[in-house]
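Here is a briefing on a protein model with several chains. Look at the structure first, then read the points below.

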Amino acid sequence: MVTPLLDIRDFSVTFPSLGGDIRAVRGINLQLGEGESVAVLGESGSGKSVTSRAILGLIDVPPARLEGSILFDGVEVLGRSDKELAAIRGRGVSMVFQDALDGLNPVYTVGDQISELLRVRAHMSRKTAKAEAISLMQQVGIPAAAQRAKDYPHQFSGGMRQRICIAMAVALKPKLLIADEPTTALDVTVQAEILQLIARLQREANMALIFVTHDLGVAHNIAENLMVMYAGVVMEFGPTNAVFGAPAHPYTQALMRSHPSEATHWSDLQPIAGSPPDKTERLAGCPFSPRCPHSTDRCTKEEPALRRGPAGHQVRCHFDLDAQI
Amino acid sequence: MSNATSNTTPSDDISRRQNPKWVRLRLLLKMPLPLTAAIILILLLIAALFVAPYLFEQANRQNLRLRFYPPFQTEQGWLFWLGGDALGRSMVAELIYGARTSFLVAGSAVGVAASLGFAIGLVSGYFGGWFDAIIMRLADIIVTLPSLLMALAILFVLGPSVFNLICVLAVARLPVFMRTARAQTLSIREWTFVEVSRSIGASPARIIWRDIRPLVAPTILTVAMLELGNTMLAVAGLSFLGVGLQRPDIDWGTMVAEGRQYMNVAWWITVFPGIAILITALSANILSNWMRAVGDPKQSGALVAKVTGGGN
Amino acid sequence: MSAPTTKTPPLLQVEGLSKHFVLRGRGGNKTLRAVDDINFTLEPSETMAIVGESGSGKSTLARSLLRLLEPTSGTVHLRGQSLTDMTHKQLREARRSIQMVFQDPYASLHPRHTVAEIISEPWRVHRGIYPQADYAKQVDILLSKVGLSPNYAPAYPYRLSGGERQRVAIARALALAPQVLILDEPVSALDVSIQAQVIKLLMQLQLDMQIGYLFISHDLPLVRLVADKVAVMYMGRFVEQGPADEVFAAPRHPYTKMLLAAVPNRQNAPTNEPASEPTNPFDIEAGCAFAPRCPMAQDICRTTAPNRQTGRLAAHSFTCHFSQ
Ligand SMILES: Nc1ncnc2c1ncn2[C@@H]1O[C@H](COP(=O)(O)OP(=O)(O)OP(=O)(O)O)[C@@H](O)[C@H]1O
Ligand SMILES: Nc1ncnc2c1ncn2[C@@H]1O[C@H](COP(=O)(O)OP(=O)(O)OP(=O)(O)O)[C@@H](O)[C@H]1O
Ligand code: SF4
Ligand SMILES: [Mg+2]
Ligand SMILES: [Mg+2]
């Protein structure tokens, strides 16, 4: 087998805090080849952003404690110095941050920021970089791009800032693009354009993609694989169609039931009962068991492993449950 | 961290968190460099405040027999461990007494400049408008005037005294703080959380105090610590020109200035006060960096992890 | 208008509100009409949704309404009192009853304040709501309302995930029990389950406290569930406005139709037709602003600005030359 572009093995992240260790990610595995894509769905606080940042080596150690390994293009990312990490990132990972401010500097115009990136990393001349920056802004649908390139980040709307971050992330034609909720602030038409842009890059440049989102519709459309996370672990993993067609994990099922399109009035909305687990506690059994409608004694005592489920894809549950959504 | 800690209850968590002062103190005790810096500064301060008054006489008593008395000799008692100066005065006494004046002059000047500049910078940065325009023009004027020349002229007219010196130095250093505070305020003002505070109904005074001040303060602190050393040297310059401090008021800067002419006969007269300035400035800097890190919740998280063995 | 004087004025009434930005450029200054001539009213217990593409001026509308940005023109009345004429001091007091949840949960929490400090800040600004000794308890109550454990009270924002931050921001906005709540993309950072939970909470609060909501969102399926009224915004203007059921069932403006068709779901694939480029907001040409992208555009659309038309219901209006 050829080595995958990205190989995450038994990866865990723990943040020590005075109130006890916060176990943000607990043993994730993911292999991604060139041109492959995975959408990551999951609860808020389940460790999606932490995992994404870890791939770029952006988690500070200490305070965090990392275990396992993350290989990008055959090179270990964990435990690297900043300089080595910059080299690894230079080999082709970029990220669109959930926090748009993280990616933009408030004191430079957006045009300057994009062209600076192109000049330093793609060694373009000042003039070509400037033209390319404007063209990128156009590609992400910023109207009057040439004029707006001279504006500062705070002069843009929330969605526009997000699009500028996307433009910067794809500017260098990365081998792997990690997009952390890149379209949350975008309306459906612009969102559709961005998704098309990403799909095109995937096709043309054979780019691999990790796409974190809360939008089930977007997840369904953007990626061939789907990963569902809960409390820092992968609950379900498989081809998107298979998971959507026959969600096998009670959490995935409950998540789909809580989607607004399943309701006709707000009072029909079905949030998952109970509250997310406290990440400082060490749970003995299945992390979903306190909220799971199918939970049994076994669930509270024994942690289920990720295994091949009834529909053929990976599920972390003791039982073969029918899709009931 | 051990497993046991993961059983702490929420209330436990809160009560331990609620006392950040103790956490910070514990942190300080575990970090050698800032701890050393803190100890040095505290010792110097004690010397300046409580020891110096008893050494006033010794610091000015001339003893021609002990002119250029070399350091590290024990025959003349501890007052002459660090040698004697050009008129045979005890270097130890002078240094300790000088610490008092140095801290008084440089400390007050920087203190006044920093707090005034901080306040003005916050206000003019937040409100902008004509107030800001006037203030910034004034700052420009102060900066373009050669500060040494200006100080010279003013002190020449007013006559050299500790108070006048402090005033002149404070005015000269004011623009640095004003500009720093204003520049940061300008960018912080645009952040959403400031808008949030406005939307809650907070007054401008409250926004400046609660939202902007804590984010600008660390920078001001760092600049102040840098300026402390600079100001001590500036005093030396003025004394050298005859408008700074005059005997019997001496400070480290003056000592450096006085000793310079004997550099090749008696290096210690210059070097010891020089080292004193250096160590003070350095300690102040280290401590301010540490305070900056501790004040930032994100970085202090890292510090907590470091000292509690978070890296395992 | 000859409304009887005894009738209570609407909770929130916005008339002719505009906000124009002047952007400096090499080719002279250009005016960006971020918000242009907006009119609507909001009653207690009512939810009005504002939908529209990114950059169409929704957040700017919310900000000008609260006078966080000074509007270029127009008036805003809260229970008959003109917010636009108030002194700053009066305005600060009035803000007690009109609160906002901001779009970006990362930028809206102060990095040096703990969650407890953030949520209790409104009570420190407007004294006398709770005794200071009760703050901790009340913070815990609000936290649990938005589905966070009291463990979060001493935490600093840097360690919260996007969804956790947004819930803190919602808790803070609820702290003053406002009459009007502006929600700028309140749930887009949340997973669908917590989304459902927060929406239910908000709607329940509305029932209990008769709050009027201005609900800015891109999520049309969600808007459909919560909104009584919908306004569709395009380049600073409301191009369609009316009762939610009517707008969803019988959209009249081509832009509204386009939005409804583009909702991604588990059935349709992403639209493959090349979506046209959004119009340049500076080209203030004659004609309809939507014409360059409109599939129905005729010559008249490019030359003459359309007037407001009324739909089947009097409350339903749209700005287009054609009625179908
Ligand atoms: N630096 C940190 N220190 C302590 N805890 C942290 C830190 N960063 C993240 N966490 C915690 O780790 C958990 C996972 O956070 P993460 O940001 O990955 O969530 P997420 O899945 O991206 O959620 P969302 O969808 O809301 O963005 C959260 O509970 C968060 O509070
Ligand atoms: N302070 C400002 N200075 C100049 N232009 C601004 C400013 N704030 C907003 N704008 C511009 O006004 C327009 C409307 O922005 P606004 O933030 O209201 O959009 P929005 O509808 O909220 O979009 P999104 O859904 O992306 O948040 C945008 O073109 C934006 O660039
Ligand atoms: S293992 Fe048990 S508790 Fe966990 S999801 Fe399956 S049935 Fe539910
Ligand atoms: Mg996240
Ligand atoms: Mg907005």
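Predicted model: local features only at pLDDT ≥ 70, side-chain atom pairs only at ≥ 80, totals over all residues.

Residues are numbered from 1 along each chain as its sequence is written, chains are lettered from A and ligands numbered from 1 in the order in which they are written, and side-chain values use heavy atoms, with hydrogens and water left out.

**Where chain C meets chain B**

- The contact (heavy atoms within 4.5 Å) takes 28 residues from chain C and 26 residues from chain B.
- About 2700 Å² is buried between chain C and chain B, and carbon and sulfur atoms give 58% of this area. Buried area is the accessible area (1.4 Å probe) that two parts lose on being put together, summed over both.
- H110(C), R112(C) and Y158(C) supply 23% of the area that chain C buries against chain B, more than any other three residues.
- Three salt bridges are counted between chain C and chain B. A salt bridge is a side-chain nitrogen of Lys or Arg within 4 Å of a carboxyl oxygen of Asp or Glu.
- E121(C) and R210(B) meet in a salt bridge through their side chains, at 3.0 Å from N to O.
- On the side of chain C that touches chain B, α3(C) gives the most, with five residues. Helices (H or I, at least four residues) and strands (E, at least two) are DSSP runs, numbered from the N terminus.

**The magnesium site**

- S59(C) (OG) and Q103(C) (OE1) coordinate the magnesium ion (ligand 5) at 1.9 to 2.2 Å. Donors are N, O and S atoms within 2.8 Å of the metal (3.2 Å for Na, K and Ca); water is not among the atoms, so sites may look incomplete.
- S59(C) lies in helix α1 (residues 58–65) of chain C and Q103(C) in the loop between β6 and α3, so the pair ties together parts that are 44 residues apart in sequence.
- S59(C) is buried, with a relative accessible area of 14%. Buried means under 20% relative accessible area, exposed over 50%, and partly exposed in between (1.4 Å probe, protein chains only).
- Q103(C) is buried too, at 17%.

**Salt bridges within chains**

- Over all chains, the count comes to 21 salt bridges.
- D132(B) forms a salt bridge with R182(B), with the closest N and O atoms 2.6 Å apart. D132(B) lies in helix α6 (residues 129–144) of chain B and R182(B) in helix α8 (residues 162–188), so the pair ties together parts that are 50 residues apart in sequence.
- D36(C) and R237(C) meet in a salt bridge at 3.3 Å, N to O. D36(C) is buried at 9% relative accessibility, whereas R237(C) is partly exposed at 41%.
- A network of salt bridges links R137(B), D140(B) and R179(B).

**Two buried residues**

- H214(A) is buried, with a relative accessible area of 6%. The loop between β8 (208–212) and α9 (216–222) of chain A holds H214(A).
- The side chain of H214(A) makes a polar contact with the side chain of E181(A) at 3.0 Å. A polar contact is a pair of N or O atoms within 3.5 Å; within protein, one must be able to donate a hydrogen and the other to accept it, and residues adjacent in sequence count only if both atoms are side-chain atoms.
- A48(B) lies in helix α3 (residues 32–51) of chain B and is buried, at 3%.
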